[in-house]
Amino acid sequence: MSKATVDKIHYSDAENRGALIAVKAHLITGFLVFLLMMLGGAVMRAAQGALMPSVGADLFYQIMTVHGVGVVGTSAIASTGILWYFLRQYVQLSTKIFWLNFFIFLTGVVIILGSIFLGGYAGAWTFLYPLPGISLGVWSTGAAAGFLIGLLLIGTGFLILYLDWGRAILSRYGSFGQALGLPQLFGKEPLNPYHPTTVVVGTMVLIVDFLGIAAGAVALVIMLINLYNPEFKPDALLVKNLIYFFGHVIINAAMYASVSAVYELLPQYTGRPYKTSKVFYAAWFAIVFMVMAVYPHHLYMDFPLPKWIMIVGQVLSYGSGIPLMVVTGYGALMLVYRSGIQWNTSAKLLILSMFGWAAGGIPAVLDSMITFNKVLHNTLWVPGHFHFYLLLGLLPMILGFTLYLFNIPQEKEPPLVEKLGFYSYAGGALLLSLVFLNSGSNGIPRRWAVHLDEWIPYAQLGAVAAVLVVFGFLLFTVRVLIVLPKAAEPVPAAVH
Amino acid sequence: MQSAAWYITLISVISLIGVFYFVISNSKVKEEYSSFSKAWYGVRGKWFIFLIILWVTLLIITLKPFPLPSQTENYSDKGDQIIDVSGHQWYWVMSSDTVVIDKPVVFQVTTGDVNHGFGVYNEKLELVAQVQAMPGYTNKLVYTFTQPGKYRILCLEYCGVAHHGMIGELNVKES
Ligand SMILES: [Cu+2]
């Protein structure tokens, strides 16, 4: 084996075909559900803008609940598809277990949909204790339990998948430290610039998601016990900590998982390698801890939370932006600068994702400072920053990766549908995020089915932006449904 | 504070668009990576140091003094105006609905059922102060009003299907 090449795992052609089908199933599911969730979002904005009087508060909060949990779950399943696709090239992964998680996920989704649209559950994805059990008769205990059990099931599926990843990474690299490049970082081993970035990413995601899901499972079980045995009253602040730790880790890990597409594909489009370095290892090692420690910025307005937890939350929320701003985003721009890159839609989307991630981080960091949080917490500022992240950061990575799988020769001019889709989607998403942020800075609360008269114009502008997003994403989805099922496995381009 | 957050975000986003525009407009020509990578790695180092300095500065400015009121202090001895607040699905109960300006008001906020968010809005619908209402806890929010008027209390934590109807009133008078 020459030092300059990574030795990849060998699979039979049949295994590779099976794996590709499984990845495509994850992505197609992702596209269809994202599209539905975006429609739900547009409906909510239109309802707040008094453009859709037929959406009453009950239905609004049901849509809001499904929108929140659906987007997080779909982000997790689609980003897992991306990371699994690349990770299996370096470690021996089981396609059966990959499918198993997929089907458990779908089962959980069906249960959750039933709890919301049949049982009327509308306790938001946050399921803050004790709201699921106290609905004033709007939904039953059974509906609340259905929601919690559905989530628990989905978590279990992911835990099984991560056990397979853990086994595979350990059998190839011996320890998670090796996989993260720690011996190289600390000078115990010579630097290997060809240590796969995806293995580092995969190990980080595995560690944080495992702990995140474990915390979520504890919260879910505690609340299930409380639903049927109300004598058992957990501490509300403790449960809130567990829930936000869980939710924050899961959605962030989805971003970090998808970034493997940027590391793997941008080098192919620019012909320049993305080499690992000590800075790279240090950034990802720091992220393992930071991603888990920043969630307290959701709890600053719970004044009894110990002061030191809040300070740690503020310090690390800012800190967790640094590895991105200095390593991933900056590195991506350096790869592109004077590279002679052919701008296909996939490449455009991957660069857009770097912009969205970095730019979305700015309002996030502001919100994570207590001084700002005092007057921005739970206003539309918060959806503003995570729609920025998700619509302009995470989804462009998923889109960019999917278009890569189309396997269309790079020099081919992108079809008009893709160009139109790109500009409608990106323009709409930017407008939508900015309207949310501006609404938040004007004090408009989040999660209000009905808006005061003064706020209606913001919601109407938001609805227009949402329509642009839906239209752009619809064009991409149609194209995905036509092209992706038949697309052959892409052959990686040479990188020097 | 809110408009500061908005303008900082807007200016930063526009600057980032500028950076991306610069790189993208310089992407079509092909140049050997090694001919500029050293120089741009150097810039990266400086950028890193800038972010660290900004980090430390922001922490010092925003955490000293600590921006949240002490929860252990016994405010009733100090002659502050004290209002006991409790949130319910879906209304607010307050021990008094009138306060005067220029003298600290201590809101002792709890809940009779689920989590709520106690958000104080002035006549221009600007959010001036907030705290969560959490089961089993009494959160102390201290705020000194400087403008008289009819303030509104809006719920800022989702608490069920009439969450948006949970609006209370507070009269702030000249002293
Ligand atoms: Cu509420």
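1. In the largest nonpolar core, which has 239 residues, Phe401(A) and Phe118(B) touch the most other members. A nonpolar core here is a set of buried Ala, Val, Leu, Ile, Met, Phe, Trp, Tyr and Cys residues joined through side-chain atoms within 4.5 Å; buried means under 20% relative accessible area with a 1.4 Å probe, protein chains only. Helix H8 of chain A (residues 236–270) gives the largest share, 23 residues. Domain 1 (2–63) and domain 2 (78–173) of chain B both contribute, so the core lies between them; these bounds come from an automatic or database domain assignment.

2. A word on provenance: this is a predicted model, where local features need pLDDT of at least 70 and side-chain atom pairs count only at pLDDT 80 or more, while totals for chains, interfaces and linings use all residues. Residues are numbered from 1 along each chain as its sequence is written, chains are lettered from A in the order in which they are written, and side-chain values use heavy atoms, without hydrogens and water.

3. Chain B has two helices and nine strands, as DSSP runs (helices H or I, at least four residues; strands E, at least two). With a radius of gyration of 24 Å over C-alpha atoms, well over the 16 Å from the globule rule (2.2 Å times the number of residues to the power 0.38) for 175 residues, chain B is more spread out than a compact globule.

4. An unreviewed UniProt entry lists residues 6–24 and 45–63 of chain B as "transmembrane region".

Methods: Buried < 20%, exposed > 50% of the residue type's maximum accessible area, 1.4 Å probe, protein only. UniProt positions renumbered as here; feature names shortened; annotations may be inferred.
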